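Student: Please take one part of this structure and go through it closely. I would like to hear about the salt bridges.

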Amino acid sequence: MTIETLEQLLARESALVTDGIRLHAKIRPDHPALIIDEEVISYRQFDALLNQVAHTFKKNDLQVGDVVAICAATSLEYLAVFFGAIRYGAVIAPMSPSASAKALEAMMLDAAPTLTFIDTSTAPLLETMLDGHGLKTVCLDSPAQAWRHWLSDEASEYTRPAPQACDPINIIYSSGTTGVPKGIVHPVAMRWVHSSRRMTGIDCDSTLLSSTPLYSNTTLVALYAALTRGATTVVMKKFDVRSYLELAQTHKATHTMLVPVQYQRFMNFPDFDTYDLSSFRQKFCTSAPFSKALKQALIARWPGDLIETFGMTEGGGVFVLEAHKYPDKLHTVGKPSPESEMKLLDEQGNEVAPGQVGEVAGHSIAMMLGYKNQDALSKEIEWFSPEGKRFLKSGDIGKFDEDGFFVLMARRKEMIISGGFNIYPSDLEAELHQHDNVLEAAVVGMHSEEWGEIPVAFVVVNSGEHLTETDLLDWVNARLGKMQRIKKLCFLDQLPRSSIGKVLKKELHTLTNDM
């Protein structure tokens, strides 16, 4: 039998990450696929483990297209279930162990999984609830070894029916930072873009250091690419700055995907410059606003390219900024990626003129099928061009500069309307970040009888520094336009964030009720 090359695999219109794993198990069987807690798992071993999972699903009469949920801490077993489900043809739905009981119940009922994988960290929260709804569970690390009892010994090659580009592959639940979590259904074609095109700097000689949670789309975009291309992935079970730097130095990491709050912690770490990070070729960042000052610090202090990607988990299109190449564009999120087509729309759904502010709508191969069980919400974010091409509206407000770089100004739901004037929180946050003693800042709108809304700032001060509310308000308002001026300011020890670093502005809005 002829074994296809990696180039032939990547040239397919739509394939699966598990095809890449199988390929490397044949052509580089002993090359490390994963390193977890210093345990090295080769491509041959990982491929065999995925076959075991797939055969077990078959033995348990799961159907192709059935949903398999997983809510557990990072582990080899987690990765085996995730990618084993893809090999079998199930639709995998990872869920955050840190979500509230109410949110998890809503996600489980929405996904309606045939089988759910948990561990001892999530069992107390989930077992009773899942049993109450008649949902079956397998514990990955129980003392009774439920996982090993469940897992078949059969490791022969398992081949699923050939997938179609539009077949669902996974369901990613939104973080719920702006409301009830929604199940974002990704098709095979969307994930193949991530594997074959999105992170093209990763190759079979790369070492990816992964430190964000496995249920996060941020993590999965990088992981799909690394496993498809035959790279080694060093998986951190829990992020810690010193441990990350030690792993990066020990394993000579070449690539990483991090969120801005992690990068900020590195820049604040006193011993950062004592570690040898010269092996890095590319560092990626996504998921949250990324300040110009932080980008500048990373370019100066951390070797390798710095690439920011900005888009939605729902897909539609992505902006890419090669920050190391464009030092004068660090206030932007870059240009549309080669496979993305972007439009800016006004409130009536019409394209705006060049240079004007509008809401982003994107089109590409990488687009969700829709929100699971929520057709109305799916249609709400769709926009069709006059030619009938489907775009997804992101809710992000901004404009293109004269060179085609996108300047992000606000989320539509976060835009503050004060006295009929549109105020973009990012403009105010950018000014606050210019103060030498400000570490972090977030701005939200607070109800006002006189103005409708007024801008309120929440600020974290650099360690050991002191600022007064009056002094900082005077300083920043002198730099802002009259209608932009911040009316109230509150100091916090830290900004509330989701597990992948997004500022929870909903929680900040709640704090304004007491101001």
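Tutor: The model is predicted. The count comes to 23 salt bridges. Let us take some of them in turn.

Start with Asp-47 and Arg-87. Their closest N and O atoms are 2.7 Å apart. Asp-47 and Arg-87 are both buried.

Next comes the pair of Asp-37 and Lys-237. Their side chains meet in a salt bridge at 2.9 Å, N to O. Distant parts of the chain are linked here, 200 residues apart. Asp-37 belongs to the loop between β1 (32-36) and β2 (39-42). Lys-237 belongs to the loop between β10 (232-235) and α10 (241-251). Asp-37 has 55% relative accessibility, so it counts as exposed, the cut-off being over 50%. Lys-237, with a relative accessible area of 45%, is partly exposed.

Now turn to Arg-12 and Asp-19. Their side chains form a salt bridge at 3.4 Å, N to O. Arg-12 is partly exposed, with a relative accessible area of 32%. Asp-19 counts as buried because its relative accessibility is 19% and the limit is under 20%.

Salt bridges also join into a network here. Glu-341, Lys-343, Glu-351 and Lys-389 are linked in this way.

To recap the burial: Asp-47 and Arg-87 are both buried, Asp-37 is exposed, and Arg-12 is partly exposed.

Technical notes:
Residues are numbered from 1 along each chain as its sequence is written. This is a predicted model: local features need pLDDT of at least 70, side-chain atom pairs count only at pLDDT 80 or more; totals for chains, interfaces and linings use all residues. Side-chain values use heavy atoms; hydrogens and water are left out. A salt bridge is a side-chain nitrogen of Lys or Arg within 4 Å of a carboxyl oxygen of Asp or Glu. Buried means under 20% relative accessible area, exposed over 50%, partly exposed in between (1.4 Å probe, protein chains only). Helices (H or I, at least four residues) and strands (E, at least two) are DSSP runs, numbered from the N terminus.
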